[in-house]
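Me: I would like to go through a model feature by feature. Show me how to read each one, then what it gives in this case.

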Amino acid sequence: MDRELATIVVGTAGVLIVATGVGLVLDRTVASSETRAVVDNMNARLRGWWVMCLTFLASMLTGGAGSVALFALISALALREFVTLTPTLRADHGALCWVFWGFLPLQYGLVAVGALDLLTTAIPVGAVLVLGLQSATAGDTTRFLERTADLLWGLLVCVYAVSHVPALLDLRIAGYEGQNLKLIVFFVVVVQGSDVLQYVAGKCAGRTAIAPTISPGKTWEGFLGGIIGATLIGTGLWWATPFAPWEAAALSLMLTLLGFAGGLVMSAVKRDRGVKDYGTLIRGHGGVLDRIDSICFAAPVFFHVTRWLVAR
Amino acid sequence: MSPAVAAVIAGVIRQLTGATVRWVGDRPDPGPRVYFGNHTSHLDAVLVWAALPVEIRRHARPVAARDYWDRPHLARRLLIHLAKAVLIERDNADMAARERQTERMLAAMGERGSLILFPEGTRGTGAEITPFKSGLYHLARRRPGLELVPVHLHDVHRLLPRGAVLPVPVSCAVTFGPRMTLGSDEGRDPFLARAREAVRLLAAG
């Protein structure tokens with residue numbers, strides 16, 4: 001394995017081990033029922049992180065193909081969660097077939113073969129036309145624009161946006177050949193690290209709600225802690241990227257802000273669906289979309305800025 | 001089908017359909033039982049089968065309409081054969097034929113088998129559950145004390161609606177309710193209404 005990559009893996013494992021140790025100590029010492037719930041939640045999240053990090057590591061070890069496959073699977077699960085919460089009609093079945101069996105494999109196929117121009121246009125250009133036409137020919141015009149827009153939005157967020165993470169492998173960066181996996185690691189560490197630090201800072205010091213009507217759990221203290229902390233981590237990882245230190249810092253700040261924006265928008269979608277009282281029975285594979293909401297918004301921007309900055 | 005193969009197939013089906021399986025107010029029990037549910041998709045019987053615990057699944061057989069399934073159509077014949085489906089007539093003109101059919105279904109259950117039955121008789125749109133046909137009542141009448149388990153299938157019509165060929169992986173849910181039996185002096189229509197209501201109650205959560 002690449003030496004720099006190995007360093008990040010060891011560092012991440014260290015953080016997880018320390019956090020697990022802290023979790024164990026807290027689990028033994030906490031008494032009051034209020035903090036008990038917080039500690040249980042934290043330990044459950046930690047177990048999730050172990051599984052996710054090991055899965056991510058396994059995909060890395062298989063090289064590029066494993067990463068493309070992992071993100072394709074993440075997209076498929078996220079898209080399923082999104083569509084399940086979307087009130088589709090019988091007439092949408094054809095469009096749903098296009099979304100799941102047409103555009104999802106097509107997009108990741110384009111990522112796999114490295115067709116940069118096609119992977120950035122296939123869905124924004126192709127899906128708009130195909131889904132519109134498919135829904136129109138299905139004959140039912142009830143809420144036509146709303147239904148078509150719902151599916152298109154789900155496809156854009158869950159498939160198109162997420163696919164820009166493995167698409168980083170397709171960028172040709174002079175002097176960085178064969179090392180693009182580290183770009184994915186940098187991106188994921190900064191964005192997910194920001195999520196974790198927002199959670200930790202929010203739990204420790206969170207007081208002032210930042211968007212009470214959309215996401216009551218998000219606070220200004222958590223926001224600042226996550227943004228500053230993850231920007232420092234990203235800056236500290238500049239040696240693993242093709243960026244200069246100041247570029248890594250600016251990109252990290254941008255990624256954390258975009259990640260926060262993604263979380264906020266996806267929360268608004270959940271609120272909207274919640275009001276429609278649709279998902280009470282379905283618990284399903286809950287939460288892939290919750291975990292990657294920050295990635296959705298940050299990935300395409302990171303891809304294009306990186307391309308502009310170092311892959312010209 | 002060997003139990004190991006069946007377990008793998010059932011697991012794959014549950015993953016692909018993202019099916020949430022719940023037992024409300026009762027526990028799985030391998031005794032001879034009839035699982036009856038609302039019908040919106042060809043996948044209904046497959047999903048109930050896949051959702052059942054392994055020891056029940058091994059002896060569970062779906063009931064299928066002969067006029068629809070018993071045709072010279074390769075896929076349908078293969079499914080009927082693999083699922084060991086019990087083929088029945090949806091409408092019986094005379095009483096003797098209906099009694100023979102009820103006997104045949106009970107014989108197919110044997111001592112420890114179960115049946116998966118969709119008493120609506122045809123696939124609906126998912127909007128509402130249509131009135132039940134009387135087969136469920138006749139089964140319960142011929143074998144007093146037979147346990148009947150209501151099953152509600154949520155959103156399966158979104159996976160594969162009537163008339164569609166290709167399924168899509170939307171998450172669905174299978175909910176098993178508390179077992180019920182035919183009352184000693186309960187008439188056909190009140191019983192069928194009660195059975196239908198039991199499925200509908202599960203839909204409400």
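Me: Where is B:Gly121 placed in chain B?

Reply: Start with the secondary structure on either side. This is a predicted model, and in it B:Gly121 sits in the loop that runs between strand E5 (114-117) and helix H7 (135-142) of chain B.

Me: Is B:Gly121 buried, exposed or partly exposed?

Reply: Count the C-beta atoms around the residue; 20 or more within 10 Å make it buried, and 12 or fewer make it exposed. B:Gly121 has 17 other C-beta atoms within 10 Å, so it is partly exposed.

Me: Which residues is B:Gly121 in contact with, leaving aside neighbours within four places in sequence?

Reply: Its contacts of that kind are B:Arg90 and B:Lys133. B:Lys133 is 12 residues from B:Gly121 in sequence, with 6.6 Å between their C-alpha atoms.

Me: Which residues touch the most other members of the largest nonpolar core?

Reply: A:Val162 and B:Leu47 do, in a core of 118 residues. Helix H7 (residues 181-205) of chain A gives the most to this core, 11 residues. The core lies between domain 2 (65-170) and domain 3 (177-312) of chain A, because both give residues to it.

Me: How many residues of domain 1 of chain A are in contact with domain 2 of chain A?

Reply: Domain 1 covers 1-61 and domain 2 covers 65-170. Contact involves 5 residues of domain 1 and 4 residues of domain 2. On the domain 1 side, 3 are nonpolar, 2 are polar and none is charged. The centres of these two domains are 33 Å apart over C-alpha atoms.

Me: Where in chain A does pLDDT stay under 50?

Reply: Begin with the chain as a whole. Chain A has a mean pLDDT of 90, and 96% of its residues reach 70 or more. Over residues 275-286 of chain A, pLDDT stays under 50, and the model has 22 contacts beyond four places in sequence for them.

Notes. Residues are numbered from 1 along each chain as its sequence is written. Chains are lettered from A and ligands numbered from 1 in the order in which they are written. This is a predicted model: local features need pLDDT of at least 70, side-chain atom pairs count only at pLDDT 80 or more; totals for chains, interfaces and linings use all residues. Domain bounds come from an automatic or database domain assignment. Two residues are in contact if their C-beta atoms, placed from the backbone, lie within 7 Å. Ala, Val, Leu, Ile, Met, Phe, Trp, Tyr, Cys and Pro count as nonpolar, Asp, Glu, Lys and Arg as charged, and the others, Gly among them, as polar. A nonpolar core is a set of buried Ala, Val, Leu, Ile, Met, Phe, Trp, Tyr and Cys residues joined through C-beta atoms within 7 Å. Helices (H or I, at least four residues) and strands (E, at least two) are DSSP runs, numbered from the N terminus. pLDDT is the predictor's confidence in each residue, from 0 to 100.
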